[in-house]
Amino acid sequence: MAFGVYVHIPYCIQRCTYCDFATYEQTKILPPDQYVDLLFEEIRQKHRYYKPQTLDTLYFGGGTPSLIPAHLIVAVIKELGRFGFTTRPDTEITIEINPATVSEEKLKIYLDAGVNRFSVGAQTFDDRLLKMVHREHSAKQTLETLDLLRKHNLNFSFDILFALPSQTLEGLKNDVRIAVEQGAKHISPYCLTVPDGHPLSKGRAIDDEQVDMFDFIAEQLTGHGFKQYEISNFAIPGYESRHNMLYWIDEPYWGLGLSSHSYSKESAFGTRYWNINSIGEYKKQILEHQGKEYSSPALHLPSEQFEQLEMHQALTDFCHTSMRLMQGLNERALQEKFPAAVFHQVSGIMNKLTERGWVQSDGSAWSLTRDGVVISNKVFQELTFLKEDIEV
């Protein structure tokens, strides 16, 4: 069984106009050392939720983790190790960085601590579009940061944001070309998603054009040796995000920090729990339990911050996350986790989806077809279960 830890660092230079993550401008939140002290206290309180073990993955996300002093990132790694959650040379340790926030000195500190994967907040190489979404960096700064990572022959990834207002296919082609030329091993294309009435909702490509944009990105990346291994993720084989895979293959993970989510297998069908998304309330809750240790979220957190999954909830999660992957939903894994009657019920649904051309089977797993990827929300809707839907 694989296991990983996610650490949320909610500091940003400025909040982007499309962002809905739990982040703060760095001048409107606790000083970083005080926030890391809260992380330390959270580790002390919750470390008994899981048995001590070597981590397969460790991910520092945000926000912009590279904004805070590098020694604080190292301190979190050491604190986890002090409670038995150690790293080894092949542990995937990822940190999200923004252009112009990492120097040679800071990079050396990361590398000495075992960080071996860098997720760069590039989004686009078009300065006009960067300004539109309130990104503080320029394309030139992105290229300078990538030069630094390449100089040390490091593994890095980044996102490509598409369907921005006034963005053209030609501009997107340029983004993909630069991304490939710069040597990224992992690229995640994300369609801008904003509600109606949002400032960025005007002037965007219509739905059919958004599909065309994604198809274009996929065609370009696969033509350069990338493989689509998840709906929104492409990687050179061997460079898939092992941390993100934990979320998609039903493995446990521990989320630390503001608004972070976790999953354990302490109950029959799994337990999910999460932290508060207000920094003031998060701090208050952590300090209320200062000095104490707990073995389960049920003994520690209020009822609105955890749930022991029932079979229908676990089945929905299992089907949705598995079908996001191009490898699909493994029949044997489904049989091992759920009763035979549930397996037969899901098989019936998959047969209908296969007839529609949305799902395909290789005899051991069901996966999305190309048409199925485009309308994946409809597939997931068919694989969403209420308690009364389960036949056992």
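This is a predicted model: local features need pLDDT of at least 70, side-chain atom pairs count only at pLDDT 80 or more; totals for chains, interfaces and linings use all residues.
Residues are numbered from 1 along each chain as its sequence is written, and side-chain values use heavy atoms, with hydrogens and water left out.

As for overall shape, the radius of gyration is 21 Å, which agrees with the value near 21 Å for a compact globule of 392 residues; the radius is taken over C-alpha atoms, and the globule rule is 2.2 Å times the number of residues to the power 0.38. Those C-alpha atoms fill a box of roughly 55 × 55 × 45 Å along the principal axes. The chain forms 14 helices and 17 strands, which are DSSP runs numbered from the N terminus (helices: H or I, at least four residues; strands: E, at least two). Of the contacts with a separation of 6 or more, 72% join residues 24 or more positions apart, a contact being heavy atoms within 4.5 Å.

What about the inside? In soluble globular proteins, nonpolar side chains tend to be buried together. Here, the largest nonpolar core has 75 residues, and F60, F118 and W254 have the most contacts inside it. Such a core is a set of buried Ala, Val, Leu, Ile, Met, Phe, Trp, Tyr and Cys residues joined through side-chain atoms within 4.5 Å. Back at F118, and leaving out residues up to four places away in sequence, the residues touched include I95, L107, Y110 and F156.

D175, in helix α6 (residues 169-181), has a relative accessible area of 2%, so it is buried. Beyond four places in sequence, D175 touches Q123, T124, F125, D126, I160 and Q167. Between D175 and E240 there are 65 residues in sequence and 21 Å in space, C-alpha to C-alpha. S367 sits in strand β17 (residues 365-368) and counts as buried because its relative accessibility is 9%. Its contacts, neighbours within four places aside, include M323, G328 and W358.

Key: Buried means under 20% relative accessible area, exposed over 50%, partly exposed in between (1.4 Å probe, protein chains only).
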